[in-house]
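Hi,

Here is the structure I promised to pass on. Have a look at it first, then read my notes below.

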Amino acid sequence: MANNWNAYIDEHLFVGPDGHGELENLTFAVKDVIAVKGHVNAAGNPDWLATHEPARQHAAAVNRLLQAGARLRGATHTDELMFSLNGENHHYGTPVNPRAAGCIPGGSSSGSAVAVAAELADFALGTDTGGSVRIPSAYCGLYGIRPTHGLIPVSGVIPLAASFDTVGWMARDADTLWKVGIALLGREAAHPGGGFRRLFVATDAWDVADPSCREALLRPLRVLEDETVCSRIELAPRGLADWVNTFRTLQGYEIWSAHGEWIRKHRPRFGPGIAERFEWTGTLTKSDYDRLVPVRKSIKDSLANMLGDDGLLVIPTAPCTAPSIGLASDIIEGMRARVMKLSCIACLGGLPQVTMPFYQADGLPVGLSFIAAPYQDAKLLSWIRNAAVRLEKSEAVAEQEKQR
């Protein structure tokens, strides 16, 4: 039963296909911040639900999927106003991670990740501002993509921070991830051309990860390195914590600009951690924001120039497996800071990032991410699909050798 996983705020929401295409006979779920005609989004908060009206039309991304033959089934839980990476919702509970018992599913696209991992949907839409598709995908053992910022329309999506907001998606296999990409990116995505010949392994990003996570991810990386020119680099000479501070300040100012008026007017009941985070965003000034805009541009230009049209940056998606449910707030905030050292990279660069699922020796999922230059999304999805096949063949050969 769908209810056993607490993935949905409305599991009965259904919209039939509006066309024919590569997604026929596939079902998808939508994060409850994405408009579906006639549905009222709660955005993870009962006070938001009570102060908003039903959507008058579908979000642009939903329309594209329906036109490609997919069926929408269910609106999924999210962290409050998308402002968390954990998936623990004070009002609606925590979706159950099917791949890591007793652990958080990751947020804020928590319900979408659980719906896919529990095989309640073939794929799901989420939003990713600071990691909200990539992190739950990693924690739940899924493929997931944050696309180039601005490439997929965000019309009909509740905003969080406009210069970082993206609509992403997740699936259990690379082929489905690619098919959804064709529907959302256009038919030209089916034949992206070219390839990636260079891998950049960011040593400072890998140093953020736990040893067990690094060990699990180095195995597939070694297979992929054999077919490319691989370079070890230091990504942020002044430290990734400096990049996090830049991202948090820019994001925070935009968040208050988007929701500060509603918060002052309605005084919503936020859960622990969320309330303090929103309160902090209200302290940021325009001068704080303006000071860091050129810093972001410098990071963005540097990343794009390094990657070119044939380079991929390789990092762990998250520094560890999914943490346990119910950790103390100080531990949660410490882990959030580590996660953001990795998730902020693509955010600041406006870059497409795909996470692939792998597993530690204890069976818990971890994610390996590949980041490309802007607008290389179709090529990245195609490369990931081919990489998944190569890795599967490599694992089969290794298993045969073990049995000899």
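At roughly what angle do the axes of helix α10 and helix α11 cross? The axes of α10 (residues 286-307) and α11 (residues 329-349) cross at roughly 90 degrees and come within 8 Å. That makes α10 roughly perpendicular to α11, a label for angles of 65 to 115 degrees. Axes here are lines fitted to C-alpha atoms, for helices over the stretch in contact, and angles run from 0 to 180 degrees between N-to-C directions. Helices (H or I, at least four residues) and strands (E, at least two) are DSSP runs, numbered from the N terminus.

A quick word on the source: this is a predicted model, where local features need pLDDT of at least 70 and side-chain atom pairs count only at pLDDT 80 or more, while totals for chains, interfaces and linings use all residues. Residues are numbered from 1 along each chain as its sequence is written, and side-chain values use heavy atoms, with hydrogens and water left out.

On the α10 side, R296, I299, K300 and L303 make the contact, and on the α11 side I345, L348 and G349 do (contact means heavy atoms within 4.5 Å). S302 is also found in α10, and its C-alpha atom is separated by 8.6 Å from that of G349, 47 residues apart along the chain. S302 is partly exposed, with a relative accessible area of 48% (buried means under 20%, exposed over 50%, partly exposed in between, with a 1.4 Å probe and protein chains only).

Now the sheet. It is open, has eleven strands with mixed pairing, and runs in the order β1-β3-β2-β4-β6-β5-β10-β11-β9-β7-β8. Two strands pair if DSSP finds at least two bridges between them. At the edges sit β1 (8-15) and β8 (229-233), each pairing on one side only. β1 pairs with β3 (residues 71-76) in the antiparallel sense over four bridges, and Y8 has T76 in β3 as its bridge partner.

Last, take a look at H39, in the loop between β2 (27-31) and α1 (46-50). H39 is buried, with a relative accessible area of 9%. Its side chain makes a polar contact with the side chain of D32 at 2.7 Å (a pair of N or O atoms within 3.5 Å; within protein, one must be able to donate a hydrogen and the other to accept it, and residues adjacent in sequence count only if both atoms are side-chain atoms). Leaving aside neighbours within four places in sequence, H39 is in contact with D10, L13, D32, P54, A55 and A75.

Cheers

How values were computed
Parallel < 35°, antiparallel > 145°, perpendicular 65-115°, else oblique.
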